[in-house]
Amino acid sequence: MVLMSPAPRSPQPDSRDPLAPVWRGAFTNRQANALHSEAFETRLFSADEWDWVALTERHSLGWVTVHDGGELVGFVNVPWDGFIHAWIQDVMVAASHQHQGMGAALVKAAADGARAAGCEWLHVDFDDDLAPFYYEACGFSPAKAGLIEL
Ligand SMILES: CC(C)(COP(=O)(O)OP(=O)(O)OC[C@H]1O[C@@H](n2cnc3c(N)ncnc32)[C@H](O)[C@@H]1OP(=O)(O)O)[C@@H](O)C(=O)NCCC(=O)NCCS
């Protein structure tokens, strides 16, 4: 059995397309918490409460970033099982950049990164209202899933 290691960071955005998603791009906790607060309409967490940088480094195969003017405007986390299954978690696009294809581009970059690492399956779960985004814009197939609130 060959276990794939996460690819090294590639923090440089494409100079020809600054809004192109970057696999394992650099970001700060302030940026991630600000984007999360806006996208999910939560209070603003501090880095002490939610240390995205440490958590993604420790637990994720990768993540995808999009910056605009120094701010993080798109992000998705990609945890995995260390072998062939990866998940997308916390897909988020700033309100100012929504409905321009960025969400679908983030998911595509996540799928590309997971495929390159040897993964065979990319999982997601979501509420009914996001079915058009995941099925039509991102290309997920419907599948049964389960959840237990712990
Ligand atoms: C969901 C989200 C990431 C989509 O980002 P986006 O950049 O606007 O997505 P795209 O532009 O790639 O969308 C492509 C298509 O998907 C569908 N879609 C996008 N957002 C949708 C939403 N919130 N509800 C239903 N369908 C949606 C639309 O058909 C859209 O096409 P349109 O722009 O012509 O209407 C963004 O709305 C967001 O950050 N939401 C808040 C956080 C969230 O709920 N994340 C998902 C957690 S499971």
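Start at the ligand. Select the 18 residues around it, then highlight Q98, H99, G103, A104 and A137, which come nearest. A residue counts as near a molecule or strand if its C-beta atom, placed from the backbone, lies within 6 Å of it. Now colour the elements that give two or more residues to this shell: helix 1 (29–40), strand 5 (89–93), helix 3 (102–116) and helix 4 (131–137). Helices (H or I, at least four residues) and strands (E, at least two) are DSSP runs, numbered from the N terminus. Next, colour the shell by class. It has 12 nonpolar, 5 polar and 1 charged residues. Here Ala, Val, Leu, Ile, Met, Phe, Trp, Tyr, Cys and Pro count as nonpolar, Asp, Glu, Lys and Arg as charged, and the others, Gly among them, as polar.

Two notes before moving on. This is a predicted model: local features need pLDDT of at least 70, side-chain atom pairs count only at pLDDT 80 or more, and totals for chains, interfaces and linings use all residues. Residues are numbered from 1 along each chain as its sequence is written.

**The whole chain**

Zoom out and show the cartoon. The protein chain has 4 helices and 6 strands. Follow them from the N terminus: the order is β-α-α-β-β-β-β-α-β-α. The radius of gyration of the chain is 15 Å, close to the 15 Å from the globule rule for 150 residues, so the chain is as compact as a globular protein of that length. That radius is taken over C-alpha atoms, and the rule is 2.2 Å times the number of residues to the power 0.38. Along the principal axes, the C-alpha atoms fill a box of roughly 40 × 35 × 35 Å.

How much of the protein chain is buried? Of its 150 residues, 29% count as buried. A residue is buried if 20 or more other C-beta atoms lie within 10 Å of its own, exposed if 12 or fewer, and partly exposed in between, with C-beta atoms placed from the backbone.

Two strands pair if DSSP finds at least two bridges between them.

- Strand 1 (22–23) and strand 2 (residues 60–68) pair over 2 bridges. Find V22, which stands opposite T65 in strand 2.
- Strand 2 and strand 3 pair over 8 bridges. Find H67, opposite L72 in strand 3.
- Strand 3 and strand 5 pair over 3 bridges. Find N77, whose bridge partner in strand 5 is Q89.

Stop at the hairpin of strand 2 and strand 3. It has 2 residues between the strands, and G69 takes a positive phi near 60 degrees. Of its 9 residues, 7 are buried, so strand 3 is largely enclosed by the rest of the structure.

**The core**

Select V64, F75, V76, V78, L106, A110 and A114. These have the most contacts inside the largest nonpolar core, which has 32 residues. Such a core is a set of buried Ala, Val, Leu, Ile, Met, Phe, Trp, Tyr and Cys residues joined through C-beta atoms within 7 Å. Which element gives the largest share of this core? Helix 3 does, with 6 residues.

Centre on A114. Leaving out residues up to four places away in sequence, A114 touches L61, V78, W80, A86, C119 and L122. Two residues are in contact if their C-beta atoms, placed from the backbone, lie within 7 Å.

Most residues other than glycine have a negative phi. Select R24, in the loop between strand 1 and helix 1. Its phi is positive, near 60 degrees. R24 counts as buried because it has 21 C-beta neighbours inside 10 Å.

Then select D90, in strand 5. D90 also has a positive phi, of about 60 degrees, although it is not a glycine. With 17 C-beta neighbours inside 10 Å, D90 counts as partly exposed.

**Last stop**

Go to G118, in the loop between helix 3 and strand 6 (121–123). G118 is partly exposed, with 15 other C-beta atoms within 10 Å. Draw a distance from its C-alpha atom to that of E136, 18 residues along the chain.
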